Amino acid sequence: MLYAPSFSGNASRPGAEGIESGIESLMKKYDDRYTFVVRLHPNLKNVYPEYWDERVRLLPTERLLGIADILITDYSSVLFDYSIYKKPFILFCPDIKSYERSRGFY
């Protein structure tokens with residue numbers, strides 16, 4: 001499974017709501033069946049350095065999309081790229097109410 005959330009927050013307070021909302025504990029429930037890869041937005045590198053090691057630089061996102069069995073994302077446009085593969089995806093949007101109020105949908 002590939003977890004690829006969008007950038008949230010702003011330049012002074014960047015974040016990934018899914019990381020903050022416990023996506024990792026959800027992943028642990030299924031770690032006997034799946035390998036989880038977290039690919040965060042590049043602007044989150046300094047906020048979550050534990051997800052940025054040598055392996056992250058070796059595999060670009062477009063390569064990970066092709067090998068992932070399931071994509072987990074929120075509002076990221078990566079979903080459109082992944083849809084080419086016609087594989088299942090999960091929308092994990094724990095902040096949907098505040099996102100709709102602050103940014104909105106169109």
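User: Leaving aside its neighbours within four places in sequence, with which residues is Ile19 in contact?

Analyst: This is a predicted model, in which local features need pLDDT of at least 70, side-chain atom pairs count only at pLDDT 80 or more, and totals for chains, interfaces and linings use all residues. Residues are numbered from 1 along each chain as its sequence is written, and side-chain values use heavy atoms, with hydrogens and water left out. Contact means heavy atoms within 4.5 Å. With neighbours within four places in sequence set aside, the residues in contact with Ile19 are Tyr3, Val38, Leu40, Tyr48 and Tyr51.

User: In which helix is Ile19 placed, and is Ile19 buried or exposed?

Analyst: Helices (H or I, at least four residues) and strands (E, at least two) are DSSP runs, numbered from the N terminus; Ile19 belongs to helix α1, residues 17-20. Buried means under 20% relative accessible area, exposed over 50%, and partly exposed in between, with a 1.4 Å probe and protein chains only. Because Ile19 has 12% relative accessibility, Ile19 counts as buried.

User: What elements does the protein have, and in what order do they run from the N terminus?

Analyst: The protein has six helices and six strands. From the N terminus on, the order is β-β-β-α-α-β-α-α-β-α-β-α.

User: Why is the protein said to be as compact as a globular protein of that length?

Analyst: The radius of gyration is taken over C-alpha atoms, and the globule rule is 2.2 Å times the number of residues to the power 0.38. For 106 residues this rule gives 13 Å, and the protein is as compact as a globular protein of that length because its value is close to that, at 14 Å.

User: In what order do the four strands of the open sheet stand, and which strands are at the edges?

Analyst: Two strands pair if DSSP finds at least two bridges between them. The four strands form an open sheet with parallel pairing, in the order β4-β1-β5-β6. Each edge strand has a single partner strand, so one side of each is left without a neighbour in the sheet; these strands are β4 (37-38) and β6.

User: How many bridges pair β5 and β6, and which residue in β6 is the bridge partner of Thr73?

Analyst: Strand β5, residues 71-73, pairs with β6 in the parallel sense over three bridges. The bridge partner of Thr73 in β6 is Leu91.

User: Is Met27 buried or exposed, and what does Met27 contact beyond its neighbours within four places in sequence?

Analyst: Met27 lies in helix α2, residues 23-28. Its relative accessibility is 7%, so Met27 counts as buried. The C-alpha atoms of Met27 and Met1 are separated by 9.0 Å, although these residues are 26 residues apart along the chain. Apart from neighbours within four places in sequence, the contacts of Met27 are Tyr3, Phe36 and Val38.

User: Where is Met1 placed, and which residues does Met1 touch, not counting those up to four places away in sequence?

Analyst: Met1 is in the segment before β1 (2-3). With a relative accessible area of 13%, Met1 is buried. Not counting residues up to four places away in sequence, Met1 touches Tyr34, Thr35, Phe36, Val37, Ile70, Ile72 and Ile90.

User: Is Pro42 buried or exposed?

Analyst: Pro42 lies in the loop between β4 and α3 (54-58). The relative accessibility of Pro42 is 57%, so Pro42 counts as exposed.

User: Is the pair of Tyr82 and Tyr85 stacked or tilted?

Analyst: Rings of Phe, Tyr and Trp (its six-membered ring) pair if their centres lie within 6.5 Å; planes under 30 degrees apart count as stacked, over 60 as edge-to-face and the rest as tilted. By this rule the count comes to three aromatic pairs. The rings of Tyr82 and Tyr85 have centres 6.3 Å apart and planes at 50°, so the pair is tilted.

User: Over the ring of which residue does the charged end of Lys87 sit?

Analyst: A charge sits over a ring if NZ of Lys or CZ of Arg is within 6 Å of the ring centre and within 35 degrees of the ring normal. The charged end of Lys87 is 5.5 Å from the centre of the ring over which it sits, that of Tyr85.

User: What is the phi of Lys86?

Analyst: Lys86 is found in the loop between α5 (78-82) and β6 (89-91). Lys86 is exposed, with a relative accessible area of 78%. Although Lys86 is not a glycine, its phi is positive, at about 55°.
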